[in-house]
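Thanks for coming, everyone. I have one model to walk through today, and I will keep it brisk. Let me put it on the screen.

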Amino acid sequence: MSENHKITIQKFPFSESQFKQRVKNDTTFTYTSEEELAMCRIILGSIDLTTLEGTDNTEKVTKLCETAVSFRNVDRGIPATASVCVYPRFVALAKQKLQGTGVKVASVAGAFPAGQLPIELKVAEVEYAVAQGADEIDMVISRGAFLEGRYQEVYDEICAIRKACAGKVLKVILETGELQTPQNIFRASQLAIHAGADFLKTSTGKIAVNATPEAFWVMMFAIRQHYQDTGAKVGIKVAGGVSTLEQAYTYLHLWRQNMGREWVNPELFRVGTSRLAGKVFEKIQDFFV
């Protein structure tokens with residue numbers, strides 16, 4: 001690391017067999033119907049309702065914003081989603097549609113999803129999204145640089161983007177499916193945390209291997225180590241392939257079991273999805289039939 005930003009990158013302290021057993025233990029759980037209702041409420045209120053497609057347009061983004069708010073039912077304790085996540089060109093539209101609702105506007109920026117642009121252009125896109133009104137920025141790390149061992153470059157890029165969105169929530173996407181090993185995921189998590197990430201995020205949802213409990217567990221372990229060392233909290237966002245209730249329950253349980261109930265809120269736990277929100281809402285409705 002640079003002289004101005006000296007950090008210690010620790011080694012992932014578990015063998016493969018130890019690690020897999022811990023994940024297996026932490027993903028084995030049961031729940032009552034009352035606990036399931038509580039989980040559904042938490043998950044719905046933690047969702048970044050997302051559309052990141054080439055076919056995105058004004059009508060689609062407007063509908064997404066309307067959907068995010070439509071879930072809210074105060075009498076039944078049903079929240080709106082935490083945010084709507086869109087490409088930068090739709091940030092101003094989403095901001096307008098969500099004004100006064102409490103739902104945040106998140107934007108991917110910084111050459112999402114591949115990250116293959118010079119840092120100057122990445123920063124310019126982040127600055128544009130912020131100028132358009134984004135409350136949160138979801139950036140990707142340069143996986144090619146990381147896998148070549150150019151950790152200083154990766155760290156410096158995150159720092160530059162952190163500076164470009166100062167005062168906004170920064171979620172750093174590791175794209176764990178491309179990092180190949182728990183050690184790489186752990187190292188990338190530490191780089192992102194030390195560079196100023198508010199959240200670690202698993203995936204873009206644009207590759208074959210997206211979020212997994214194993215990758216989530218490694219990221220969570222890095223967050224917990226950082227908290228124990230510094231007292232500073234960093235959140236986590238699971239994204240990419242989270243499309244069933246059981247998957248969402250597993251990630252929520254992992255987080256709550258290892259971090260504690262005070263970490264279970266939208267400021268520290270998010271789920272990025274375009275498919276799950278409706279299913280969670282329908283499940284909540286079933287409890288009131």
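Start with helix 10. The cover over its buried residues includes helix 1, helix 2 (33-45), helix 9, strand 7 (235-239), strand 8 (269-273) and helix 11 (276-286). Keep in mind that this is a predicted model.

How many of the 15 residues of helix 10 are buried? The count is 12, so the helix is mostly covered. The buried set is Leu245, Ala248, Tyr249, Thr250, Tyr251, Leu252, His253, Leu254, Trp255, Arg256, Asn258 and Met259. Helix 10 covers residues 245-259. From first C-alpha to last, helix 10 reaches 21 Å, close to the 21 Å expected at 1.5 Å a residue.

Now the whole chain. The protein chain has 11 helices and eight strands. Along the principal axes, the C-alpha atoms fill a box of roughly 60 × 45 × 35 Å. Buried residues make up 53% of the 289. The chain exposes about 12800 Å², and carbon and sulfur atoms supply 48% of that. Now contacts. Take those between residues at least 6 apart in sequence: 76% of them join residues at least 24 apart.

Next, the aromatics. A search of the whole structure finds 19 aromatic pairs. I will show two. In the pair of phenylalanine 14 and tryptophan 217, the ring centres are 5.6 Å apart and the planes sit at 70°, so this pair is edge-to-face. The cut-off for that label is over 60 degrees. Where do the two partners lie? Phenylalanine 14 is in the segment before helix 1 (16-26), and tryptophan 217 is in helix 9 (residues 213-230), so the pair ties together parts that are 203 residues apart in sequence. Both phenylalanine 14 and tryptophan 217 are buried.

The second pair is phenylalanine 186 and phenylalanine 221. Their ring centres are 5.7 Å apart with the planes at 45°, so this one is tilted. Phenylalanine 186 belongs to helix 8 and phenylalanine 221 to helix 9, so the pair ties together parts 35 residues apart in sequence. Phenylalanine 186 and phenylalanine 221 are buried too. Now put the pairs together. Ring pairs link Phe12, Phe14, Phe19, Phe186, Trp217 and Phe221 into a cluster.

On to helix 7, residues 151-164. It has 14 residues and reaches 20 Å between its end C-alpha atoms, close to the 20 Å expected. Which of its residues are buried? They are Val154, Tyr155, Glu157, Ile158, Cys159, Ile161, Arg162 and Ala164. A reminder on helix geometry: an α-helix has 3.6 residues a turn, so residues three or four places apart point the same way. The buried residues of helix 7 pack against helix 5 (119-132), strand 4 (136-140), helix 6 (143-147), strand 5 (169-173) and helix 8 (182-194).

Helix 5 brings us to isoleucine 119. Isoleucine 119 is partly exposed, because its relative accessibility is 22%. Leaving out residues up to four places away in sequence, it touches Glu157, Ala160 and Ile161. Isoleucine 119 and arginine 143 are 24 residues apart in sequence, and their C-alpha atoms are 14 Å apart.

Now serine 107, in strand 3 (residues 104-108). Buried or exposed? Serine 107 counts as buried, because its relative accessibility is 0%. A polar atom of its side chain lies 3.4 Å from the backbone oxygen of valine 86. Beyond four places in sequence, serine 107 touches Val86, Tyr87, Pro88, Val91, Ala129, Ala134, Glu136, Ile137 and Asp138.

Last stop, the backbone details. In the loop between strand 3 and helix 5 we find alanine 111. Alanine 111 has a positive phi, near 70°, without being a glycine. It is buried, with a relative accessible area of 10%. That loop also holds proline 113. A cis peptide bond joins phenylalanine 112 to proline 113, with omega about 0°.

Glutamine 180 also has a positive phi, about 80°, and is not a glycine. It lies in the loop between strand 5 and helix 8. Glutamine 180 counts as exposed, because its relative accessibility is 64%.

Note on methods:
Residues numbered from 1 in each chain as written. Heavy atoms only, no water. Helix = DSSP H or I, 4+ residues; strand = E, 2+ residues; numbered from the N terminus. Buried < 20%, exposed > 50% of the residue type's maximum accessible area, 1.4 Å probe, protein only. Polar contact = N/O pair within 3.5 Å; in protein donor to acceptor, adjacent residues only side chain to side chain. Contact = heavy atoms within 4.5 Å. Expected span 1.5 Å × (residues − 1). Areas by Shrake-Rupley, 256 points an atom, 1.4 Å probe, with all protein chains shown as cover. Phe/Tyr/Trp six-rings, centres within 6.5 Å; stacked < 30°, edge-to-face > 60°.
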